[in-house]
Amino acid sequence: MKALATLARLFVDDLDRALPALRELTGQDVRTRFSYGEVEVASIGGFLLVAGSEQALAPFRQVQSTVLVDDLDGLHALVTAHGGEVLDGPREVPTGRNATVRHPGGVVLEYVEHTA
């Protein structure tokens, strides 16, 4: 498993209001945008925006960042060898597969393997 990129998570109430400034800041267009349960998700530049009500965002706020990886298959062995734990997944999501991990020290990261 190799990390390809890390996306900073931004929690917003409305994607359509948040995206124009980030388009100008990054000089890029939205790469992905989709609904996931009660939230909307979009990626642009080095950011992953998660939009929704405070109630809908609550379960997502525990995750500090999203790490894009080439393959999730080695995640469990890597994390447990270093004293962490897989909290959820791997499971299918609109962009491929993801898993949520708590690393030693308490940081919680989402790992995502994109599929074409």
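Biologist: Hi! What share of the 116 residues of the chain counts as buried?
Modeller: Of the 116 residues, 39% count as buried. Buried means a relative accessible area under 20%, exposed means over 50%, and partly exposed is in between, with a 1.4 Å probe and protein chains only.

Biologist: Where do these values come from?
Modeller: This is a predicted model, in which local features need pLDDT of at least 70, side-chain atom pairs count only at pLDDT 80 or more, and totals for chains, interfaces and linings use all residues. Residues are numbered from 1 along each chain as its sequence is written, and side-chain values use heavy atoms, leaving out hydrogens and water.

Biologist: Good to know. How many helices and strands does the chain have?
Modeller: There are 3 helices and 8 strands. Both are DSSP runs numbered from the N terminus: helices are H or I with at least four residues, and strands are E with at least two. Reading from the N terminus, the order is β-α-β-β-β-α-β-α-β-β-β.

Biologist: And why call the chain as compact as a globular protein of that length?
Modeller: Its radius of gyration is 14 Å, close to the 13 Å that the globule rule gives for 116 residues, so the chain is as compact as a globular protein of that length. The radius is taken over C-alpha atoms, and the rule is 2.2 Å times the number of residues to the power 0.38. Along the principal axes, the C-alpha trace spans about 40 × 30 × 25 Å.

Biologist: What about contacts between residues at least 6 apart in sequence?
Modeller: Among those, 52% join residues at least 24 apart. A contact means heavy atoms within 4.5 Å.

Biologist: Let's look at strand 3. How many of its residues are buried?
Modeller: Strand 3, residues 39-44, has 5 of its 6 residues buried, so to speak mostly covered. Strand 3 runs antiparallel to strand 2 (residues 32-36), with 5 bridges joining the two. Strand 3 is also antiparallel to strand 4 (residues 47-51), again through 5 bridges. Strands count as paired if DSSP finds at least two bridges between them.

Biologist: Which residues are partners there?
Modeller: Phe34 has Val41 of strand 3 as its bridge partner, and Ser43 stands opposite Leu48 in strand 4.

Biologist: What sits in the turns?
Modeller: Strands 2 and 3 form a hairpin with 2 residues between them, where Gly37 has a positive phi near 65°. The hairpin of strands 3 and 4 also has 2 residues between the strands, and Gly45 in that turn has a positive phi of about 55°.

Biologist: New topic: which peptide bond is cis?
Modeller: The one from Gly89 to Pro90, with omega near 0°. Pro90 is in strand 6, residues 85-93. That strand pairs with strand 7 (residues 96-102) in the antiparallel sense over 6 bridges, and a hairpin of 2 residues links strand 6 to strand 7. Asp88 stands opposite Thr100 in strand 7.

Biologist: Which strand pairs with strand 7 over 7 bridges?
Modeller: That is strand 8, and the sense is antiparallel. Arg97 stands opposite Glu113 in strand 8. Their hairpin has 5 residues between the strands, and Gly105 there takes a positive phi near 95°.

Biologist: How many residues of strand 8 are buried?
Modeller: Strand 8 is mostly covered, with 6 of its 7 residues buried. Strand 8 also runs parallel to strand 5 (residues 65-69), joined by 4 bridges, and Val67 has Tyr111 as its bridge partner in strand 8.

Biologist: Is Glu110 buried or exposed?
Modeller: Glu110 is buried, with a relative accessible area of 10%. Glu110 belongs to strand 8, residues 108-114. Setting aside residues up to four places away in sequence, Glu110 touches several residues, including Arg9, Leu48, Val63 and Asn98.

Biologist: And where does Asp70 lie?
Modeller: Asp70 is in the loop between strand 5 and helix 3 (75-81). Asp70 is partly exposed, with a relative accessible area of 42%. Not counting residues up to four places away in sequence, Asp70 touches Met1, Lys2, Leu4 and Glu113. From Asp70 to Val112 the C-alpha distance is 8.4 Å, although they are 42 residues apart in sequence.

Biologist: Last one: how many positive and negative side chains does the chain have?
Modeller: There are 10 positive and 16 negative side chains, and the centres of the two sets lie 3 Å apart. Lys and Arg count as positive and Asp and Glu as negative, without His or the chain ends. Each charge is placed at NZ of Lys, CZ of Arg, CG of Asp or CD of Glu.
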